[in-house]
Amino acid sequence: MDTELTRRLINLLDHVEHWLPPPPQEVDWTRDVAALWQRHSLGGRLLPVPPRDALSLDDLLGIERQKLALVDNTRAFLRGLPANHALLWGSRGSGKSSLIRALLNSLAADGLRLVQVDRHDLAGLPMLVEQLRHQPHRFVVYCDDLSFEGHDDAYKALKSVLDGALTGPPPNVLLYATSNRRHLLPESMSDNEGSRLVGDELHHGDAVEEKISLSDRFGLWLGFHPFNQDIYLEACCHWVTQLGSREDWNAEARAEAIRFATLRGGRSGRGAWQFATQWVGRRRLHGQ
């Protein structure tokens, strides 16, 4: 009976095996420069991913101060010098995520490795950090578009890794995050009800202190703001030239770029890229 059952199970496995996904590829940090962390019920795993594009730091216009600060912080980290966790916050499309990608492309040869963690997988962040602790490389653990709702407890894992655990993050791991919110958590008028004046000083209540405490664990804050028209047009010219040629940027393109931003209700690096894609694509389609 046992033999028959075993035979039937083997036969069943033979029939379904080709439907199963291939085993995940192991990360080789001597070859791979980036990976995704995926949490599951038994822990988590790292999946290697190639760089998304060849974006360089020179391609990012209008954020010179932010570029310099983040590059210096990362270079110090790669050399074993003191460096801060970084929070890149501000307007949508202003270059926060692009700066992280360009940073990896520029510093991978110097030893930088990047692990991206989705907000929903932050509960597994302590496990990931421990897995990276004994690697010979230096890692930036990166969370894109980070924000939390009031009932979301995932931020507690992030707080613990940043500065709350007894051991703290290992010396070969930094955390970088991008967000549209400076304090990462939603703020409401009722949060300020506990604030009070003590002498001439404003003391926040517990609700505000809790919300500030997370972003306060990032030592480097970099703010990103909407472009003015000159910077926006400079970015449009750059991307039109990159995607097409210098001849594609002319008075007509300039006027269309302004109209494009007006219709979208704002100017940004993302908007400049989107305009250039539309403009060059349409011209090539019509043989121009």
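Student: What share of the 288 residues in the protein is buried?

Tutor: In this predicted model, buried residues make up 41% of the 288 residues, and the secondary structure comes to nine helices and nine strands.

Student: Why is His85 called buried?

Tutor: The relative accessible area of His85 is 10%, and buried means under 20%, so His85 is counted as buried. This residue lies in the loop between α2 (64-78) and β3 (86-90), and, leaving out residues up to four places away in sequence, His85 touches Leu162, Pro169, Val173, Leu174, Leu175, Arg217, Phe218, Gly219 and Leu220.

Student: Why is Leu87 called buried?

Tutor: Leu87, which lies in strand β3, has a relative accessible area of 0%, and because the cut-off for buried is under 20%, Leu87 is buried. The C-alpha atoms of Leu87 and Leu220 are separated by 6.2 Å, although these residues are 133 residues apart along the chain.

Student: How do you know that the span of α2 is close to the expected one?

Tutor: Helix α2 has 15 residues and reaches 21 Å from its first C-alpha to its last, which is set against the 21 Å expected at 1.5 Å a residue. Buried residues in α2 include Gln66, Lys67, Leu70 and Phe77, and what covers the buried residues of this helix includes β3, α3 (96-107), β4 (112-117), β5 (138-143), β6 (173-179) and β9 (220-224). Following α2 is Gly80, whose phi is positive, near 80 degrees.

Student: How do you know where the buried residues of α4 lie around its axis?

Tutor: In helix α4 (residues 125-133) the buried residues are Leu125, Leu128, Val129 and Leu132. They cover an arc of only 100 degrees around the axis, and therefore they are on the same side of α4.

Student: Why is β6 described as largely enclosed by the rest of the structure?

Tutor: Seven of the seven residues of β6 are buried, so the strand is largely enclosed by the rest of the structure.

Student: What makes β3 and β5 partners of β6?

Tutor: Two strands pair if there are at least two bridges between them; β3 and β6 have four bridges in the parallel sense, and β5 and β6 have five, also parallel, so both pairs meet the criterion. Trp89 stands opposite Ser179 in β6, while Val140 stands opposite Leu174 in β6.

Student: Which residues touch the most other members of the largest nonpolar core?

Tutor: Of the 47 residues in that core, Leu70, Leu88, Val140, Tyr176, Tyr232, Trp249 and Phe275 touch the most other members. Helix α7 (residues 229-243) gives the most to this core, with seven residues. Apart from it lies another core, of 25 residues, among them Trp89, Val117, Leu128 and Val173.

Definitions and conventions. Residues numbered from 1 in each chain as written. Predicted model: local features only at pLDDT ≥ 70, side-chain atom pairs only at ≥ 80, totals over all residues. Heavy atoms only, no water. Helix = DSSP H or I, 4+ residues; strand = E, 2+ residues; numbered from the N terminus. Buried < 20%, exposed > 50% of the residue type's maximum accessible area, 1.4 Å probe, protein only. Contact = heavy atoms within 4.5 Å. Expected span 1.5 Å × (residues − 1). Arc of directions from axis to C-beta. Core = buried A, V, L, I, M, F, W, Y, C linked by side-chain atoms within 4.5 Å.
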